[in-house]
Amino acid sequence: MSASEGFRTDLLGAIPSLRAFAVSLTQNADRADDLVQETLVKAWDKQDSFQLGTNLKAWLFTILRNEFYSQMRKRGREVQDSDGIMTARLAIHPSQHGQLDLKDFRAALEQLPEDQREAIILIGASGFSYEEAAEICGCAVGTIKSRVSRARTRLQEILQISGDEDFGPDAISAQVTGSSVL
Amino acid sequence: MKDTTKTGASARQAGSADTLGANSEIGRKLKQYYDELVSDEVPDRFAQLLAQLEQVEPGRKKD
């Protein structure tokens, strides 16, 4: 099997995840697929720079994300001419069997700023570690953590879900070990 | 001298600093949302694209 054939198979396998991430970022199925296509082309061109044994999915997500933000910057200029028509039509078609509350969730996700949305998706859905997510987003691990946390709080507010056990009233506030050895 | 045994539940919670775990409502919805996207059928255009890309010599000289 040639190297390129193996690489192609790997890319093929990553497409469902790439599309999911792209939709999460763009909130638009068509734009998402264009983004995935760009990503595949770029990845193919740069395949020599992919280091075997490292995480291909993370590498691809990084490419996709960079492409997304570079498109955003370009669009930022174009959109000014067309008066927000773009923003009005960025809805996803809910699938036939989609539940209502999933629809609500989707709408809530859409309200998050991009950086928070991508962080919570990478950590909470795509299965990346904080370290991997930080690498994908080109920022510090702590930044990812705080974005995830803010995203989660924001979603809870929008969806009126009360936080779970984080502030659990365990009366162990007397957690002081008391023995500070010097 | 007393031994301080600190095996509290708080330690366990801090260990799994995962605020989006399976027990969280947000975490579950997020997974549900994402899994639905992942299981969406992939259009043929992508397989075709990759096939095309492979036909072009990958190690083509970069000028």
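Tutor: Helix α1(A) bends by about 40° at I15(A), and a proline, P16(A), follows within four residues. The bend at a residue is the angle between axes fitted to the seven residues ending there and the seven starting there. This is a predicted model: local features need pLDDT of at least 70, side-chain atom pairs count only at pLDDT 80 or more, and totals for chains, interfaces and linings use all residues. Residues are numbered from 1 along each chain as its sequence is written, while chains are lettered from A and ligands numbered from 1 in the order in which they are written.

Student: What span does helix α1 of chain A reach from its first C-alpha to its last?

Tutor: The expected span of a helix is 1.5 Å times one less than its number of residues. Helix α1 of chain A (residues 3–26) has 24 residues and reaches 32 Å, close to the 34 Å expected. Helices (H or I, at least four residues) and strands (E, at least two) are DSSP runs, numbered from the N terminus. Chain A has eight helices and zero strands.

Student: Is Q27(A) buried, partly exposed or exposed?

Tutor: A residue is buried if 20 or more other C-beta atoms, placed from the backbone, lie within 10 Å of its own, exposed if 12 or fewer, and partly exposed in between. Q27(A) is partly exposed because 19 other C-beta atoms lie within 10 Å. Buried residues make up 31% of the 182 residues in chain A.
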